[in-house]
Amino acid sequence: GEATYVGTAACSGCHAAAQTFWERTKHAHAWETLEKANKQYDLDCVACHVTGWERPGGACDIGQVEGRTNVGCESCHGPGSLHVQAPVQAKLPAQVPERTCLGCHTPENSTAFEYARYLERVVGPGHGKPVDAAR
């Protein structure tokens, strides 16, 4: 009965505008940054670059990350299986509190993190702002 992680692809069908905006953010390319640094097997790094890593219903093995790489929708909004099954009844939080971001944006990993400034980089048309804001 608990929600599990379903991956960003499961969200994009209903949230296409959010997906389009997200694809232009650094979160959408988080796994690529690990690969470039050859850290895709460093589990301390993987924890913040894979959606739902070692969380209930998430991946717990490097071989299970397919479809969950990057900082996807569920990294910020929570596991989405129940929402996918019943979108109206099982709403996910639209607003993401600073404490969620601080789970990965620690002083060791993100020395210049400022919630308000970083939030501007991940909020946009269809993702926290009206779609027509892109015009």
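## Fold and cysteines of a predicted protein chain

The model described here is predicted. In total, the protein chain has eight helices and two strands. Its radius of gyration is 15 Å, close to the 14 Å that the globule rule gives for 135 residues, so the protein chain is as compact as a globular protein of that length. Along the principal axes, the C-alpha atoms occupy a box of roughly 40 × 35 × 25 Å.

Buried residues account for 32% of the 135 residues. The accessible surface of the protein chain is about 8,700 Å², and 54% of it belongs to carbon and sulfur atoms. As for charge, the mean positions of the 12 positive and 15 negative charges lie 8 Å apart.

The structure holds one disulfide, formed by Cys48 and Cys104. This pair links distant parts of the chain, 56 residues apart: Cys48 belongs to helix α4 (residues 43-49), whereas Cys104 lies in the loop between α7 (98-101) and α8 (115-122). With -100° about the S-S bond, the link is left-handed. Cys45, by contrast, is in no disulfide.

| Cysteine | Other cysteine | Sulfur distance |
|---|---|---|
| Cys48 | Cys104 | 2.4 Å |
| Cys45 | Cys48 | 8.4 Å |

Cys104 counts as partly exposed, at 24% relative accessibility. Cys76 likewise counts as partly exposed, at 24%.

Technical notes
Residues numbered from 1 in each chain as written. Predicted model: local features only at pLDDT ≥ 70, side-chain atom pairs only at ≥ 80, totals over all residues. Heavy atoms only, no water. Helix = DSSP H or I, 4+ residues; strand = E, 2+ residues; numbered from the N terminus. Rg over C-alpha atoms; globule rule 2.2 N^0.38 Å. Buried < 20%, exposed > 50% of the residue type's maximum accessible area, 1.4 Å probe, protein only. Areas by Shrake-Rupley, 256 points an atom, 1.4 Å probe, with all protein chains shown as cover. Lys, Arg positive; Asp, Glu negative; His and termini not counted. Charge placed at Lys NZ, Arg CZ, Asp CG, Glu CD. Disulfide = S-S within 2.5 Å.
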